[in-house]
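We will take a short walk, one stop at a time.

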Amino acid sequence: MRDLPGLKSLRAFEAAARCGSLTGAADELCVGQGAVSHQIRLLEDYLGLRVFIRRQHGVELTQEGSLLFTSCQRAFDDLAGTIRHISPRTAQKVLRVKVGPFFSMKIIAPRISEFLAQHPGLQLHLSHLDTNVPASGQPDIVIDYRLGGVAGKFSKQLLRERLVPVCGTSIRNQYKSATELLCSNRLHYRSVSEWQSWIATSGLMLGHSQQDLIFDDQHIILEAVKEGQGVALIDQALVEQELKTGQMFLVSEHCFEPQETYQFVCQEDLFRSKPVTKDFLDWLLREVALRRKQQDAPELPG
């Protein structure tokens, strides 16, 4: 049997810590301030220590209270996520997706209204991959850029990139040839390995770059390319609009396909029990295929 304080005391404590006051916790829990104060006294008596320092305009966590608050938040988030998953009343109405901002912007955002129109009443929550605990709860789906799938979970490849070098308008006319342009500033995503692989498979004799700029956000790389800061490797299908409108230009048609791919990952039982999960996967696959088709379609003469 677990030696734990009462759930009412923990709920009152977590709410007061998050709100920063007993009044705020009372309003949230729909009880009187005296009831919240009583539950916190019970908790402190149980623990044999203080979890709050009472101030004139609220409460402040003690060191021990801060540790307990972190643990309570994690436990309540996990519990809430599990309840949402198993409850037929709410589980099918919410879909939580953890995804990188670049994939979200280029694949999900442009036409997501079509998917939502097919699922009236669905709430779609998108959170970034670098967020430890999404504010809306634990994710149903993770879309991750990785080598292969995840053991013990349902995994499906969504997209293998075809990386091509692109540049902006202002830098395009500064160099006499594509070879010179490819030796200007090279913009890298996380490491220089993709550029090294692209050069090795291109058959081109390229020297060192003028500068190597490494970013951990593809949004920033996109903006840097548009502003003429250098040449970057980006999947052509994901910047087709920028290429068509002249915001970017293709420096070479040679492409390199990394081993890493965008993977759709979720729990096996969730994929079977929550139909909207499979619907979202099917929609994503169609969106990726549409972009590939648009990329591969020959341009008609004007």
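Start by selecting strand β7 (residues 163-168), joined to β11 by three bridges, with the two strands antiparallel. Strands here are DSSP E runs of at least two residues and helices are H or I runs of at least four, numbered from the N terminus; two strands pair if DSSP finds at least two bridges between them. Pick G168 and you will find its bridge partner in β11, M248.

A word on the model: it is predicted, with local features needing pLDDT of at least 70 and side-chain atom pairs counting only at pLDDT 80 or more, while totals for chains, interfaces and linings use all residues. Residues are numbered from 1 along each chain as its sequence is written, and side-chain values use heavy atoms, leaving out hydrogens and water.

Now widen the selection to the open, mixed sheet of five strands, ordered β9-β8-β10-β7-β11. At its edges, β9 (212-215) and β11 (248-250) each pair on one side only.

Next, select W195 and W198 in helix α9 (residues 193-202), where three residues separate them by about one helical turn. Their ring centres are 5.7 Å apart and the planes meet at 70 degrees, so the pair is edge-to-face.

Last stop: F103, Y145 and Y262, which form one aromatic cluster.

Notes: Phe/Tyr/Trp six-rings, centres within 6.5 Å; stacked < 30°, edge-to-face > 60°.
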